[in-house]
Amino acid sequence: MTDFSSALHAAFDVPDPREAVNRIKNVVARELSQTDARAKVTKTDFFNHSFAPDIVLSWPNERERFVFLKSDTRPAVLRDDVAAIRKHDPIVFALDPVNEDPLNTEEYQGSSHNDDTLLADSRGMEVLIESRFSEPVVGLASSAVLQGGRGLLTEREAEAMASSVAAGFNGAKQLDTSTTAAAVAQIAGHFDQRRTSRLLRFLGAVWVGSGGTAASFPGEQDIAGDLDGTALEFLMELPPIDDYEFWRRIGRPLTLESVSQLQVDDDSENLQHLLESNLDVLHARACRVLERQQELGEEEDSGFRWRLERQMLCLRGSRFSTYFTSKVDELKVEPQDAEGISLHELLRRAEQRRTPISELELATPTRTVSYATVTRDDISHDEELLRLSSTFSSTAYVQTAVATLFGSRPLVCDFPSRTGKGRTAAKFPLGTLAPVALSLLTSLTGEESQALDHVTRYYNEVQRQPTLFEVEDIGAAQSSITTQSEDDFREIKP
């Protein structure tokens, strides 16, 4: 007898009927939560009712699913129970093992062409839970079962589903047509149309990521479309896949917004592989650097790792955390109070990455000076600027500076808030923005600079002809530069 079965039998043996019902629901709710940790499991006040569900499952941006608990598993009784509630496409959860499929009759099947009801018993769910430990990819199927599983799910069906999904994933990685085709057939027969589409897009993405083509993917299913967040999250939780080309193929449709919404463990190696392989397609407009203290028990390391925090992408080092977003107002971390930096320090930092500086603002307690050439050329080696700065006192600090990337995209750096942002609509690939922004907004050690090079090692900065829209953005940016000066610097606010 399994732990779940033991707990269920113990609940039935409680003398007080109300307490027995409560314990039965708690046991089932716990098993459902283990089947899909993302599901919100809500118990109702009903039990074994003909029309009212015992439990309601819900997910963000998904429809609810009703769960009806049934203690009488005789085929004729179950068939009548299902017929009464099938319009809800529910989960009928049998509290005892189902030994015979009550839905496999000509009368029932003839009237259930679009029926997405799932009839499951406790052992079927247990098999999916247990399979996740040996084959983590089965977790994607177990989540989909609660959202849109259909048909019968007993121990035998669950074992077939788990082995088929695991074999299908490995088959797609190896471009094994027969194994992948068997998984496609298994998925199409056990899930509703929405979940079938998601799972097949997942296998299709793995197939294409492994070097296959969408046209050669087995089966007549349409695998077009990007991976959804759930499928990506399960990919992140799998054992590390150290294959640059695989992750590069998987990640081409990604955006910074879609990545930021993922819920992934901090120690996910696959998240590192995914991001490091796609720094050229992930674009950000804004970033903010915060100082941090090493946590208790954290190993001392000068390296950088990608993380997801507060629905933002974060590059964390031993001394700094840098957050990247598509918009300035999406930076959900408050800036830390800091001062400007000396002109000498700015020029030293700019030289590290040979970053052109086209404008800057120097300030003393009583004066502010903005400096730029008429043509907005690089002023980091401008002799007139150096002579002018020598007339200021030692209290003069650079408050803001504009770095020009890709020849025409201005990055406004505000040093008191350690915030960078693209002027107007300018965005930057993370492979460029991360090293440039960190080098300008912080004082990196030699080891940290090398570690930054390592985390962006796959990024190949290729200068290409801008698209029509980029040409318009660049033209708008250049035409507005002369009117923005100090007002633009002030746009960055805590």
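Helices here are DSSP runs of H or I with at least four residues, strands are E runs of at least two, and both are numbered from the N terminus. The model is a predicted one, so to speak of local features takes pLDDT of at least 70 and side-chain atom pairs count only at pLDDT 80 or more, while totals for chains, interfaces and linings use all residues. Residues are numbered from 1 along each chain as its sequence is written, and side-chain values use heavy atoms, with hydrogens and water left out.

Asp192 sits in the loop between α8 (177-190) and α9 (193-209). With a relative accessible area of 6%, Asp192 is buried (under 20%; exposed is over 50%, partly exposed in between; 1.4 Å probe, protein chains only). Leaving aside residues up to four places away in sequence, Asp192 touches Arg63, Asp116, Gln147, Gly148 and Arg150, contact being heavy atoms within 4.5 Å.

Then there are the nonpolar cores, meaning sets of buried Ala, Val, Leu, Ile, Met, Phe, Trp, Tyr and Cys residues joined through side-chain atoms within 4.5 Å. The largest has 113 residues, and Phe202, Trp306 and Leu360 touch the most other members. Helix α16 (residues 430-441) gives this core its largest share, eight residues. A second, separate core has nine residues, among them Leu78, Val82, Val98 and Leu119. Beyond residues up to four places away in sequence, the contacts of Trp306 include Leu271, Leu275, Phe324, Leu430 and Val455.

On to a helix pair: Trp247, Ile250 and Gly251 in α11 meet Asn270, His273 and Leu274 in α13.
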